[in-house]
Structures are given as structure tokens and as C-alpha cells.
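Hello,

Here is the structure you asked to look at.

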Amino acid sequence: MSGYESGEGAAEATFTSDFEGLSDATSTSQADSLPEPPNKKAKKHFVKYRPEWELRHPNIRKSSEDVYKVKCNICNKDFSIAHGGERDIKTHEAGSQHKKNASGRAKMATISAYLQPSFQPEVAKVTAAEVTQVYHAVKHHISYRCLDCGFKLSKVIYPDSSIAVKASYGRTKALSITKKVLAPLSLQQAYEDLQDGYFSVCSNASNKGNIKLYPLLLRHFNFTSENAGLDPPCTRTRREEKLEGSQQTGSAAESGIPQ
């Protein structure tokens, strides 16, 4: 009995140890077959606009839509730089559409070429020359056709003068200067002179072809100038020059100086 019992006990021990080994192997294989927990995705970092990019790309400005976009002034377009940053700008500038727009922009004139400063010394001199020449023609009764011919001739005679080259006083422009500049100024000066003193008005009707004329002649005395109207004041008249010459001759004869 003792031998049987001992053999039975040995068999139980062997079975128990085999069962434990089998359970350990099963748990190990199950642990190996279980899926691993997924890793957390890395957070994406987007590129924002940087002002220093404008130094290397003059046509790029900050977009008003988003901080992750820029605006191309040549293409008038906003595009994203969130992923590539400055590399996206270089890719846009290397595109065919951007190059086409840049070529067209280079051929276009800027608005500054049409908007000139309010005062330019050379332009003022040209304007003064035009008005003076038209006034000279009106004073000496020179026709606008003759004035136009003289204007074209002055460019040939004085090619080195920038004023003569740029000045233009053709028939249409000369008529406009006479009606809108010289005539109003003459009437204003005459009105101011008539405030004090005496004057007379003469009138006469006449025809020139199919044009009816009714001119008015105003005669008055100007206390501030020897000549009224637009004529420049004369500093010395012929009578004064003759009188001064006779006085010098008389003084020289009295002093015994030979003439």
C-alpha cells in the first residue's frame, strides 16, 4: 500500500507541475498576441508670417485673412505658408503665373508718372513763356496762325533751350490763354483803376465777315502806372530822355567841355 500511495503521489506532482507549465506558456502567448496601445500623434506646428521675409521678397506682404498666409502684390493673391514657410514663397515666385504677372507689371507705367508735383520750377518757366508770347501777339495784333508758325520755328532755332522745346502755344491754346487768362486780368485791373479818377467809354459797331463786333474802348488815367492795362510801366519816356540829353549838353557847354 505504501508503494502504491507513493507512486500515486508522484503522479499527481508530475501532473500538477505540467499543468502549471502549460498555464504559464498560455499566458505568455496571450500576452504576446495582445495589441500594443497606440502612440499619441505628434502635434503639428504651423509656420506664421515673419516680417523679415519682406527684405528678401519685396512683393510679399502680410495677409489680412490669416497669420498663416501671405499676400503677393504682383499676383494680388493670398496663399498659405503654414507648412513650408519661406519655401512656399519661393515656390510661388518660381511659378509660371507669377513670372507672367511680374513681366506684365514691369511693362506698365506707375501712377507717379502721371501725377506730377504741384509746383515745378521748369514748368512754371514754360508757362510764363507761353503767356508772355501770347500777350506779345495780342498787343501787336499778330494772328494766331503766325504765332503757331513762330512757335514751331523757335524749336528749330533754340534746340538747346528746354523752355523753347517744351513750350507750345498753337492757335487753340493761344485763344484759350487770351480769353481765360489775359482778358479777365485786363478787366480786373481796369476795374480797380476805375475806383478813383475819371474815365470815358467809347463804343462802335462793326462787322468782320459774318461776325458782329461791338467793341468798347475805355480811357482812364492810372495814378500808379504810366500805362494802363497789361502794358508794363515804362521807366523813362522819350520826352524825358530828350530833356535829360539837352540838360547834359547845356551843362557841358557851360563848363567849357568840348563836345
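Strand S2 (residues 69–72) pairs with S3 in the antiparallel sense, over four bridges. Strands count as paired here if DSSP finds at least two bridges between them; strands (E, at least two residues) and helices (H or I, at least four) are DSSP runs, numbered from the N terminus. Across from Lys71 is Asp78 in S3.

This is a predicted model, in which local features need pLDDT of at least 70 and side-chain atom pairs count only at pLDDT 80 or more, while totals for chains, interfaces and linings use all residues. Residues are numbered from 1 along each chain as its sequence is written, and side-chain values use heavy atoms, with hydrogens and water left out.

The sheet is open, with three strands in the order S1-S2-S3 and antiparallel pairing. S1 (60–62) and S3 (77–80) are the edge strands; each has a single partner, so one side of each lacks a neighbour in the sheet. From one strand to the next, the twist averages 40°. Helix H3 (residues 86–93) packs on this sheet and touches S1, S2 and S3, its direction making about 135° with that of S3. Contact means heavy atoms within 4.5 Å; axes are lines fitted to C-alpha atoms, for helices over the stretch in contact, and angles run from 0 to 180 degrees between N-to-C directions.

On the cysteines: a disulfide is taken as a pair of cysteine sulfur atoms within 2.5 Å, and the count is zero. The cysteine sulfur closest to that of Cys72 belongs to Cys75, and at 3.9 Å it is too far for a bond. Cys72 is buried, at 0% relative accessibility, whereas Cys202 is partly exposed at 37%. Buried means under 20% relative accessible area, exposed over 50%, and partly exposed in between (1.4 Å probe, protein chains only).

There are two aromatic pairs. Rings of Phe, Tyr and Trp (its six-membered ring) pair if their centres lie within 6.5 Å; planes under 30 degrees apart are stacked, over 60 edge-to-face, and the rest tilted. Phe46 and Tyr68 have ring centres 6.0 Å apart and planes at 70°, so this pair is edge-to-face. It links distant parts of the chain, 22 residues apart: Phe46 lies in the loop between helix H1 (2–33) and helix H2 (53–56), Tyr68 in the loop between S1 and S2. Phe46 is partly exposed at 43%, as is Tyr68 at 26%. Tyr49 and Trp53 also pair edge-to-face, 6.3 Å centre to centre with 90° between the planes; both residues are buried.

Regards
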